[in-house]
Each structure stands twice: as structure tokens, then as C-alpha cells.
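Q: Please take a close look at the interface between the two chains. What does each side contribute, and what lies around it?

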Amino acid sequence: MHEVGKELLRVVDLHAYYGESHVLHGIDFNVGEGELVTLLGRNGSGRTSTLKSIIGLIPKRSGSVIINGHEAINLPPYKIAPLGIGYCPEERGIFPGLTTEENLLLPPVLHSGGMTLEEIYAMFPNLKERRAAQGTRLSGGEQQMLALARILRTGARLLLLDEVTEGLAPVIVETMGRVISMLKERGYTIVLVEQNFHFAKGLADRHYVLEHGRIVKMILNNELEANLDELHELLGV
Amino acid sequence: MMIQVFGVPIQALLGQLLIGLINGSFYAILSLGLAIIFGLLNIINFTHGAQYMLGAFAAWMSLTYLGVNYWVGLILAPLIVGAFGILMERLMLRRLYHLDHLYGLLLTFGLALVLEGVFRQLYGVSGLSYTIPDIFQGGVNLGFMFLPYYRAWVIVASLTVCFATWFVIERTKLGAYLRAATENPELLQAFGVNVPLMITLTFGYGVALAGFAGVLAAPIYQVTPVMGSNLIIVVFAVVVIGGMGSILGSIVTGIALGLIEGMTKVFYPEASGVVVFVIMALVLLLRPAGLFGREK
């Protein structure tokens, strides 16, 4: 395990299964408070499954997931978020039966210290403008902002963000980058699954590279240039 | 001179429309409960008719054996029936969620037969009467028909409960949870919402609505073990026409079909028993998701 300050997330020997298929083969990593860590890897390497196993969305899992000092591996899914964790899924998960504002207000507040609705609207003025619109009527970029914005209200200090730049126009990707670095400045701890390597490079402290459901390498962001060739080979870029 | 509409005296038409509105009120409240349950649990609750019967019997038994009056019964019976629903979900239905929908259907259908059988054994099929509470004795002459006060109350009470339920589901935070749980229960759980508990309580509420309708029906219809199975087939047709899981659709369709049935009694009485099913067949052919349903 990497030396970190106060450890907010510690994953040890995490295995996960979709039915018969074994998708994670003993994932080990940790994240310190205030760190931004990325999970890199090719499609199907297990990055999304890692996030889903942490938050409890893959029921068949074993090993250890310690969030804020609490073991979460045997908890039912609805008891994991209250440990202080917010999840932004790859498919965004905007509820079509709810308006934008209802989507925003949906995740229950878990701890004090989350952002207020005003702060969120100040950060994402588009969402304020379209707050009465059906959530899924928003543009892809707006839906992505909504998916991120709604977990900032809850007081969660550890954010799991899955592919927040996928399929977005460059200008929106830039906005997301600004928002994420601002969240980091505010002291949020972030695990970012990212396909866009250049995006991740500008934000992260450390990178974990996954292959076939295992972590094969950990790279500090400032050692990235030295490892570029190997990384390109692992990611197939 | 009598005013006529298409050769039918307007008195007869209005009279049947009013009766249709009363029947429609029952359709609405029962199909609403079914729609809520189907939306969240994906289970077609075939026990709904028996639970309606249980509501009527709970009111009748508490009045007859314990002297509990109508108003207390109107609160108490739905609570008892709702509690029965909660037990049923916790002890039985919960074990079937990971299986095909068909299993839930078979279980609820079987339970309906068991409940009906038990009450048939205890009370026979001849029917028991529930006295209309004193405050609703008598009625008012509307010119085209005599409207007993109690029937007017049934319309008011069931429409109030229906629209209150609609309001809570579509316009409040609690309702937002319910809508979200209907659409993506896994993600809602990942936000820290106890979805299994929501499912239990929602099923309890849907079942309590059936119990409430049963109490409302007790003074109008005979309280019999088969009262639910006679009604529920029509209600299932209403749910199919309105669209499975649509809240407003189930209310509006319930009332509308009550009215259509009433009109059919005036213009072509022979068809009044089948008109709902003819409409159902047409809707299934032309718009399989139902009038208010969303195509999946």
C-alpha cells in the first residue's frame, strides 16, 4: 500500500463476480484524504467494476473495503453511501421521471458540510436555468454536470467518478476539469475512472493501472513522463 | 316534455352516468393501488381483490363483534389490511424478486384463492349487510335521480384519496424517491436510500388502498367472500387500458371506464358487461403500453 496521510479508502484483495464471471481478481489500493487518484486501463479491465464493488452495486464480492475506517464489504448497498461516499455512475443515471431539480435534490444529505443548492447553481448555471425540465431532456453535458452536482449536496467527502468526460464536447470536458480541480482544492477526495489520459494527467496525484481485474502498476503523477512508454503499452494507446 | 339524447331520456342517461361515476371511483382507487405496486415491485398483485374483500370484512367484523363505528373502521380496516400486506411482502414476495414475474403472479393468485376460501368457509357466500352510518341516511333528489348521501360520500372520499396519493407521488420529495426507485432502484440505494424498506411500505400502502375501498363498499354492496373476485377482473382491465404503473393513468382510466360502462347500460345494455374488455382488446392492439403507459 502507498504511504498516505489520513486514509479515506482502503481496498484489499477485492474480488467481484457477475454471476459466474469473475471480474475482479484481488484489487489492492488506497486513497488518502484530499488525494485525487485515477484508475486507468483498457475497456473491460475492471475499473468500473471496482467502483461498483466499493459502492455495493455488485452484490457478489469479497475482500475488504474500508471507508473512513468502516468495513463496508458486508453492508447492504444503502448503508455504504452514509459512510461518506458519493457515486457518479458512468451512464450518469439521471432519473427520467424526475425534473432536473428533483434529480439534484434526490440523494439524501448524509453529513453536514455539503454544498447548498445555491452554491451548486452558482457552479452550474445551466442547471439552474433548466431546473424544471425533465432530467433526461438535458444535453449530455448538462446531464453529466447534474450527475456530479447531485452528490456534492450530500456532504460526502469521498467521490467516485466514473468516466465523467465520456462523449462530451471539448469545451464541456474543460468545464468538468475546472470543476474537479476546484473540488480537489476544497479538500474532496476523488477516485476518477478515466479514459481520457490527458484529462487525468492534469488533475491527479497518483494513477493505478488495471489489467484483467488486477492492479498492475501504481504511478505517481510526477513520475508519469518517465513511465510513458510502459503506460502506453498497458493502455493500448 | 322530456328531453331526449339520441332517443334516451336525459334522466336515464344522467342517472347511469352517476352510477358509472360511483363504480368508476372504485375502479380508480383499486387500479391506483395495483399501479403503484406494479410500478415499484413489478408484481401483478392478484391478491388485490381479496384484500378489498378483507377491508370490507375487517370493517364488518369490527362493527359486529366489537361495536367499532364506521369512521374508526374506515381508518382501522385499511391499517389491518395494510399490515397484512406488509407481512405478505416480508415473508413471501421478497423471496421471489429474483425470479420471473410469473412466480409473483402465481403466489398472489394462490393467496387470493386461499383467503376467499377461508372466508367462504367461515361466512358462506350469501352476503352480510353493513348498516349505513346514521349521518348518511337519506339522500337528495337531483331531479333526474335520487342520490343517496352515502354514495355521494363514496365518490368524494375515493377521489380525494386518489388525488392525494397522486399529489404525494408526483409533487413531493417522498414521491420523488418512489419514482426514482421505480426507475433505478440500484442507483437510489447507492445514494443511501433504504429501498427494501420503501418496497415493503409501498406494497403496504397499495394494499391498504384496497382495504379502504373495501370499507367504502361495505354499506353499498353485500359483504361477501367473493365480492373482490367479481370486481378485480374489471380492475385489471382498467390497469391494462391505463398503462401498467401509470399513476394518473390508473385514476383517470378508472373513472372514465366507470362512466363508459354507465353509458353503455343506457344505449346498449347487453354490452355493458363486456365493454371494458372490448376497449382493453382495442388498446392492446393499438397501443400495447396502455393509454398513459410509456413504451419500454
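A: Contact here means heavy atoms within 4.5 Å. By that criterion, 21 residues of chain A touch 19 residues of chain B. The model is predicted: local features need pLDDT of at least 70, side-chain atom pairs count only at pLDDT 80 or more, and totals for chains, interfaces and linings use all residues. Residues are numbered from 1 along each chain as its sequence is written, chains are lettered from A in the order in which they are written, and side-chain values use heavy atoms, without hydrogens and water.

The two chains bury about 1700 Å² between them, 67% of it on carbon and sulfur atoms; buried area is the accessible area (1.4 Å probe) that two parts lose on being put together, summed over both. Of the area that chain A buries against chain B, 35% comes from A:Y78, A:F95 and A:L106, more than from any other three residues.

Between chain A and chain B there is 1 salt bridge (a side-chain nitrogen of Lys or Arg within 4 Å of a carboxyl oxygen of Asp or Glu). It joins the side chains of B:R179 and A:E102, at 2.8 Å from N to O. By class, the side of chain A that touches chain B has 17 nonpolar, 2 polar and 2 charged residues, where Ala, Val, Leu, Ile, Met, Phe, Trp, Tyr, Cys and Pro count as nonpolar, Asp, Glu, Lys and Arg as charged, and the others, Gly among them, as polar.
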